[in-house]
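Subject: Structure handover

Hello,

I am passing the structure below on to you, with notes on what was found in it. Please read the notes with the structure open.

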Amino acid sequence: MKTIDQKRRGLLKVVALFAAVPFIDTITKRGELVAGTIAKFSTTLVENGEVLTAAHWGILKLTIKNGKVVKSEPYQKTSNIENSLQHYTDDLIYAKDRIKYPMVRKSYLKDPNNPKPELRGNDEWVKVSYEDAIKLISKELKKTRKEKGAKGVFAGSYGWKSSGNMHNSRVLLHRFMTATGGFTGTVGDYSTGASQVIMPHVLGTIEVYEQQTSWPLIIEHSKVVVIWGANPLATLKISWTSSDEHGFKYFEELKKSGKKIICIDPYKTETCEYLDAQWISPIPNTDTAMMMGMVHYLLESKKYDQSFLDEYTEGFDKFKDYLYGKEDKVVKDINWASKICGLDVDTIKELANVFYDNRTMLMSGWGMQRAHHGEQPHWMLVTLASVLGQIGLPGGGFGLSYHYSNGGVPTVKGPIVGGITANVKPGKYTGGASWLSNAAKYSFPVARIADALLNPGKKLQFNGKEIEYPEIDFIYWVGGNPFTHHQDTNTLIKAWKKPRTIVVNELYWTPTARMADIVMPTTTSYERNDITMTGDYSNLNIVPMKQAVKRHFEAKDDYQIFSDLSKEFGVHKEYTQNKTDIQWIEEFYNSALEQAKKMSIKMPNFREFWTKNKPLTFEAPYENTQFVRYGDFREDPILNPLGTPSGKIEIYSETIEKMNYDDCKAHPTWFEPAEWLGMKDKNAEFALISPHPSHRLHSQLNNTSLREKYAISNREPIWINTKDAKAKGIKNGDIVRVFNERGQILTGAILTDGLKEGVVRVQEGAWYDPMEKGKEGTLCKNGSANLLTKDIPTSELANGNSSNTALVNIEKYSKAAPELTIFTQPN
């Protein structure tokens, strides 16, 4: 029977999901009533001693001497697995490329109506006062609002903003734009663009950001664990809020458990090495075909769970017709799959047998869906798991989030700390724009930003609806770095020169900041007060993020910048509710305190919590350690239906069928990617995979001394199969030019036998450092992978990004290595 705590567990899963998006502000009215009574706290900083704070990479203990951070280390250690990101706080604070003052591009400052956007990235910078910068931004934003309305203002501003519930730069920007008349935003994200759209059709939920079957059950019940296209030892170093670090603890337990572990990936990852796992290396972009071959083999071998398919799934027979080639006359059997995925028939058979004969957990990463037709792999994974019949059993089925934010760590019984939101009532200013009832009235898929800038008025399909791109005149970007994040950088450069005004709030002279018109210097999270929780799924701790050092140069908090801008629009009261940041922080804490009281959980008052500067840790009840994803559904699919039209797992979706898309059918389908090693007429020789970096958070920390640990010949590394390198005359440490029709980069060679032949590997996130500033097509000296990736949608259904669908050529670089300039102040 389902206990009360288990029901609450379902609620916590939803809460954990929404921890990754602006939290709904349920305390606004209460805040208005008590704002005048909130205590004011001393802003005196610790000159010598220790300060507790948090970052995406966990709770940190900072050692302060004479007002400077001299050491950064983890506050807690849950395993012997090292998190390399936790020791470079001082580098972030005292970086050579900190933006010191408000800066305006010379041509823009001279005439904002004729700003010469073609000079973005290669124009002089002029220092201006903070007050003048605020007035300039306000004036030009008002101009755009009057001429173009809310559609002309883009504030999608995608990126991994700093940790902290108060100083969430993206939400602060959206709050300001909402208060002043609305804006054009985005939907979806780069991480899971395809899966988060297809999974609701298949499973009735977003899936990729949801709690997983509890790790204690994996350790107890799973006989086989498959890590498919994921590298948890790299990606579990971070969380959207702050890492609870317990994922490492469970992978350490998994290593000691003696279970059979299989890693399926073109590269033998550090996770595969650490777990001493069996390594299976298919050709990139062929996972869907590989799984289809397995399913066909299992059906022929009578190794499938017909009762599960009958009771819990919808439309399997129609998919089976496709599998057996009823219409296209192509049987998707094991021989067909072998030719596509590059694995021998016996290996595919062995995997299928092992999966069926044992309680198996399929832990999938997200890289396989960041590809052309990326909707298909996870849909097919769910289909394979349905054929195995283990979904909803302890330790069986599949999971799409064990590699992200410590999915599977049991959720505690405890309160949730909210944060600042974009849900603010618009003020009196209209500026020619109509009132909006929500933050972004107009939006398009996030990975289509370059296409939108280049093609205003263009219409596209998205999940059964038609979207029209607006004409964007003004971009305000905070908390992200699209010139490392977005695919096909050279096309983005071209697109970025279309709007009249681009404003960027930033800490460092990133590639994106250098492509702006107005740059506002912001504080690091160590120069302000904030609060966060750790564990996007576990909600394990509430952590004070106390200001450690003084603000550097003329850096301002985003909250101050947007508060001052709101004054220029006459909406300061609506934006701030007359609260300082510490007053907001106390209000968020007090809301959690009220929740705790209702749960009979003791918490100190805010003053005591803040003064002690220690995290509050909560316990997971036993029921939560026994959570099985889809366990309730399996127990009773009538009383606990899924959120799909049929209430079942939809292997065949009539909803998608009605959309009538050529590139996403009503069931899992093998589509040949736009670029892959199996092409008859290849325009390049090697498949490029560009996974999440092991020693960065996307582009964050690339400007720190941590880079010295992984850079090869002062460039971003490229992993090359030993035989492939020998054929090209490339040796360890050589500088290698990687190129295709979209761009060219310099990298440093690492030769390995742990990479499939014909595949090269460059981790995403290296800062774009062009040989010729602001010019399209020029060589990137630092090795940014997205110069080479393809900016095409996954399909009309999701319009996700296709970063792992790319072919490249490589050659030893014979010229003198150019000096890097991206990590210094611009000229």
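I start with a helix pair: helix α12 (residues 287–300) and helix α15 (residues 334–341) have axes that come within 8 Å and cross at roughly 160°. Axes here are lines fitted to C-alpha atoms, for helices over the stretch in contact, and angles run from 0 to 180 degrees between N-to-C directions. Helices (H or I, at least four residues) and strands (E, at least two) are DSSP runs, numbered from the N terminus.

Two notes on the source. This is a predicted model, in which local features need pLDDT of at least 70 and side-chain atom pairs count only at pLDDT 80 or more, while totals for chains, interfaces and linings use all residues. Residues are numbered from 1 along each chain as its sequence is written, and side-chain values use heavy atoms, with hydrogens and water left out.

Back to the pair. α12 and α15 are therefore roughly antiparallel to each other; the classes are roughly parallel for angles under 35 degrees, roughly antiparallel over 145, roughly perpendicular from 65 to 115, and oblique for the rest. Their crossing is left-handed, that is, the near helix is turned anticlockwise from the far one by less than a right angle, whereas clockwise would be right-handed. On the α12 side, A289, M290, M292, G293 and Y297 meet I334, W336, A337, I340 and C341 of α15, where contact means heavy atoms within 4.5 Å. The residues of this contact comprise nine nonpolar, one polar and no charged. In that count Ala, Val, Leu, Ile, Met, Phe, Trp, Tyr, Cys and Pro are nonpolar, Asp, Glu, Lys and Arg are charged, and the others, Gly among them, are polar.

α12 also packs against α16 (345–357). The angle between α12 and α16 is about 65°, with their axes 9 Å apart. That makes α12 roughly perpendicular to α16. The crossing of α12 and α16 is right-handed. M290, M294, Y297 and L298 of α12 make the contact with I348, K349, L351, A352, N353, F355 and Y356 of α16. By class, these are nine nonpolar, one polar and one charged residues.

Now α15 itself. Six of the eight residues of α15 are buried, so this helix is largely enclosed by the rest of the structure. Buried means under 20% relative accessible area, exposed over 50%, and partly exposed in between (1.4 Å probe, protein chains only). The buried residues of α15 are I334, W336, A337, S338, I340 and C341, and what covers them includes α12 and α16. At the N-terminal end, D333 caps α15, with a side-chain oxygen 3.3 Å from the backbone nitrogen of N335. After α15 comes G342, whose phi is positive, near 80°.

Most residues other than glycine have a negative phi. D488, in the loop between α19 and α20, has a positive phi near 55°. At 9% relative accessibility, D488 counts as buried. N66, in the loop between β2 (58–65) and β3 (68–74), also has a positive phi, of about 55°, and is not a glycine. N66 is exposed, with a relative accessible area of 64%.

Last, two buried loop residues. E207 sits in the loop between α7 (195–203) and α8 (215–221) and counts as buried at 0% relative accessibility. The side chain of E207 makes a polar contact with the side chain of R629 (2.8 Å). A polar contact is a pair of N or O atoms within 3.5 Å; within protein, one must be able to donate a hydrogen and the other to accept it, and residues adjacent in sequence count only if both atoms are side-chain atoms. Not counting residues up to four places away in sequence, E207 touches M199, Q212, F398, L400, R629 and Y630.

N529 is in the loop between β19 (518–521) and β20 (530–534) and, at 15% relative accessibility, counts as buried. The side chain of N529 reaches the backbone nitrogen of Q547 at 2.8 Å.

Regards
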